[in-house]
Amino acid sequence: MDENFMTADRLRELRLLDRVVEPFVAANASGILVYVNPAAGQLLRWEPDALVGQPLISIMPPRMHEAHRRGFGRFVEGGKPRIMGKPIRVPALRSDNTEIEIELLLSTLELETGGVVFLGSMRARTELVELERQSELLALLETLLATAPIGLAFVDCELQYVRVNEALAALNGVPAEAHIGKSLAEVHPDFASTLEPVYRGVIETGLPSIGRELRREDPVVPGGAAHYLASHYPIRGARGEVLGVGVIVQDITERKRMEAERELLLERERRAHAAVQAERQRLYGLFMQAPAVIAVSRGPDHVFEMANPAFRALSGGVDPIGKSLREIRAELGRADGFVGFHDDIYASGQPFVAHEYPLTVPIDGTEGQQVRYYSFVIQPTRDAEGHVDGLLRHGVDVTEQVVARRRAEELATQLGNQQQWLEAVLNLLPVPLLFIEPATANVTFANVAAQEMAGGEIPRFVAANAEHTVHACTDDEGQRIADAEMPTVRVARGETLRDFTMNWHLPQGSKPLLLSGDTLPSMHGHAELAVLAFQDISRLKTIQAELTEAVRVRDEFMSVAGHELRTPLAALALQIQSLQRLTGQSERDDRIHARLGKAIRQVERLSELVTELLDVSRIASGTLELHVERFDLAALVVEVVARLEDSATQAGVRLVFNPVTEVFGEWDRSRIDQVTTNLLINAIKYGDKKPVVVVVEGKNDHGRITVRDEGIGIAHDAQERVFERFERAVSERHYGGLGVGLWLCREIVHAHGGRIALHSEPGVGTTVTADFPQRFSKEQV
Amino acid sequence: MSCPNSILIVDDDFDLRDILRDVLEIEGYAVATAGDGNEALDYLRTNDPPCVILLDWMMPRCNGPQFRSEQQKDATIADIPVVLVTADARGEEKKQAIGVPHCLMKPLQLDRLLALIEQYC
């Protein structure tokens, strides 16, 4: 194999050096260059391929050729597989025959593809000098970075810290080494969202961000705020590409705090200043707009230095400032004792006070004058030594009050006259009356009738409640009436009383009273007033009690009488029936039997009347008791109709009842029987020999009985009272009975919680409807 | 054993008691009378039991309910049938109150009275 030339394949490994920035050359054992990388080509100013195949001496000055041959021969003969030589400084020859001093480092390289080459790494001496200079600079920068009192850092394009100085580490509260290789988000989880856009902006635009103020929660002091002034610069590579971002951070937290404190102090000062200004303005406004007359003069000549518009108006529009009182009076054409009066006050040092003092003053906007009343003070003012040095005048126009008071006095006189007249009228009334003051419940007037009833004068202007009343009051149950519930107090607080009853216990005895009271609104100059009128109802009470007792005695008598009447009736009926059974079969006995039958019917009729009387007394005394059971209303009506069939036939009336359905409910059987019987008896009695129709139905949880006749009917004006006791719509001469039938019906229906209604047309007929709830409930009743 | 065709009338009204006895005797019954509940109890404890008792409600000293209460306590007379006779309209409730099966209202319907007595005698 020709050692002078290497095949391309064998040199492939050396081609790896093509991309290295350091210059490299390789030679074979014959001293022939077999490889020159582009960096070496550039250093030696040769096309690399032009040098390949040339002897090594081609890139050496001629004076070095001999030394090279010796040295290279020794080097080759040495045969050491690897030589790690020291760098040696030698001159190199460029293609343009210029020389360049280089540092050469030789070594051997065994190729994997076989063979050995000698490899020379070259570095231009000038480049080394530059590197040293740069190294020194770098050391300086490192020192600066480490010792700078401001935060410095380098962040790459992935937003990861590459370098961080101690100052910035302290600001972040994270050791410097803990930054390295970490992203912004990892180092500042709370702050990354603020920082990242800034960094990205610098990376994307390549433009620096200078002097940006940033604020974050202080990472070192919990709860505090940290302020920074940060600048971000793009750091560029050799080709101008952005490699990352350089950061300069200055902690301005303290500066910010100072600024905030200063701003706070400034704001306080501004506010205080504004408050003082406002206060001054307000005082001045008060002085100028005060409805009072205010003026201040100085010195014994009373030269005015301050006067408000009200004072100027009082002075006829003359501007008094800088003028003496004498000059002002002269200007007004008044040379009177007014000035001497002020001189006296000044000399004595004693203030002058006047109330409702009449002054003649000009009328605004006219030539006229009017008298107005002023209350005023002329007060001497004193200097630091206590000597009088001026006069302060302060006056208030009290004309309106003076006029109003005089008017009120006139009105009071008029009202007093009216009051006297009214009281005289009320004293003539026979009805006792009290006037009560709403606010206090004081009696302000009691007429003669009231005083007579009280047995003496009711003291005026004394609260008329129970505490202040010598005589106690009790309610209808005899309980003492509490103060707050006394009628006088109730009307005083605005209640309206109608027919309130109570007992007034007087030394001469108790009086039951009926009271009414109300509030009279203020009118015609009189204040609002509560009025209480009362009436002695002793007589009324007595009559009422007598009536109640009379009714009770009557009802008791009727009850006893009814019961007592029945017993002889029972004996009589039994006797007649017994006689009937003793009669034989003869014609004469038949007549006796028939007559005894008529006697029986009379006894039965008498017995029914007694039953009605008993019912009346029972209902009137409130002792009607219902004995409720469940039964069919239709079946009951069937029984009643059957029972009355004979009576109806005798009266020429046909009873029509076609039960359609059962109507069950909870009712008192005998009482519903009584209602149905009464209604049917009435219809038969007043039915005018025409059919009477009975209907039973169940509707809306109610049972209903309707009895309709086509008889004489009831006059409209009598329809209301047929349901009253002992009332009838027709003459008792023509139709018998006690006149309690419909009243009983109504009471029984009501006792069941039901309703009874009557519709009637004279000459056409009458329909009575009774409704009963199907479920009995005492609450309904 | 009850005495056949015998009836005890308990009523404070002498006339009614007398007429009723006449009528029933004519009909062939043996009739005893008592003016109130006490007399009736005395009679029952010293005589053979009647077929039926006609009992008034309202009487002095010992009224119908009181008699009935005493009768029911005394096993020797407790089973004697009783028919209530009253002038009051509330016969149905009264009948239930003292636990008797029948009630007759005053004035009495003779036919009904006889028919009812026949059931017991």
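I will go through the cores, a helix, the aromatic rings, the cysteines and finally chain B.

One thing before the details: this is a predicted model.

Let me start with the nonpolar cores. The largest one has 38 residues, and the members that touch the most others are A:L633, A:L655, A:L680 and A:I705. Several elements of chain A each supply at least two residues to this core, including helices α17, α18 and α19 and strands β26 and β27. Which element gives the most to this core? That is α17(A), with 8 residues. In general, nonpolar side chains in soluble globular proteins tend to be buried together.

Take A:L633 as an example of the surroundings. Leaving out residues up to four places away in sequence, A:L633 touches A:V663, A:W667, A:I672, A:V696, A:G703, A:R704 and A:I705. There is also a second, separate core of 25 residues, and A:A450, A:A454, A:C473 and A:W504 are among them.

Helix α18 of chain A covers residues 669-685, which is 17 residues. From first C-alpha to last, α18(A) reaches 24 Å, close to the 24 Å expected at 1.5 Å a residue. Is α18(A) mostly covered or mostly uncovered? Mostly covered: 13 of its 17 residues are buried.

Next, the aromatic rings. Over all chains, the search finds 8 aromatic pairs. In one of them, A:F304 and A:F311 sit 5.3 Å apart, centre to centre, with 35° between the planes, and the pair is tilted. A:F304 is buried at a relative accessible area of 2%, and A:F311 is buried at 9%.

Another pair is A:F435 with A:F445. Their ring centres are 5.3 Å apart and their planes meet at 55°, so this pair counts as tilted. What does this pair tie together? A:F435 lies in strand β16 and A:F445 in strand β17 of chain A, so the pair ties together parts that are 10 residues apart in sequence. Both of these phenylalanines are buried.

There is a cluster as well: A:F341, A:F352, A:Y357 and A:F376 form one aromatic cluster.

Two arginines lie over ring faces. A:R329 lies over the face of A:F338, 4.2 Å from the ring centre.

On to the cysteines. How many disulfides are there over all chains? The count comes to 0. B:C51 counts as buried, at 7% relative accessibility. In chain A, A:C745 is buried too, with a relative accessible area of 1%.

Last, chain B as a whole. Chain B has 5 helices and 5 strands. In what order do the elements of chain B run from the N terminus on? The order is β-α-β-α-β-α-β-α-β-α. Chain B has 121 residues, of which 52% count as buried. Among its contacts between residues at least 6 apart in sequence, 61% join residues at least 24 apart.

That is what I had; questions are welcome.

Terms used. Residues numbered from 1 in each chain as written. Chains lettered and ligands numbered in written order. Predicted model: local features only at pLDDT ≥ 70, side-chain atom pairs only at ≥ 80, totals over all residues. Heavy atoms only, no water. Helix = DSSP H or I, 4+ residues; strand = E, 2+ residues; numbered from the N terminus. Expected span 1.5 Å × (residues − 1). Buried < 20%, exposed > 50% of the residue type's maximum accessible area, 1.4 Å probe, protein only. Core = buried A, V, L, I, M, F, W, Y, C linked by side-chain atoms within 4.5 Å. Contact = heavy atoms within 4.5 Å. Phe/Tyr/Trp six-rings, centres within 6.5 Å; stacked < 30°, edge-to-face > 60°. Lys NZ or Arg CZ within 6 Å of the ring centre and 35° of its normal. Disulfide = S-S within 2.5 Å.
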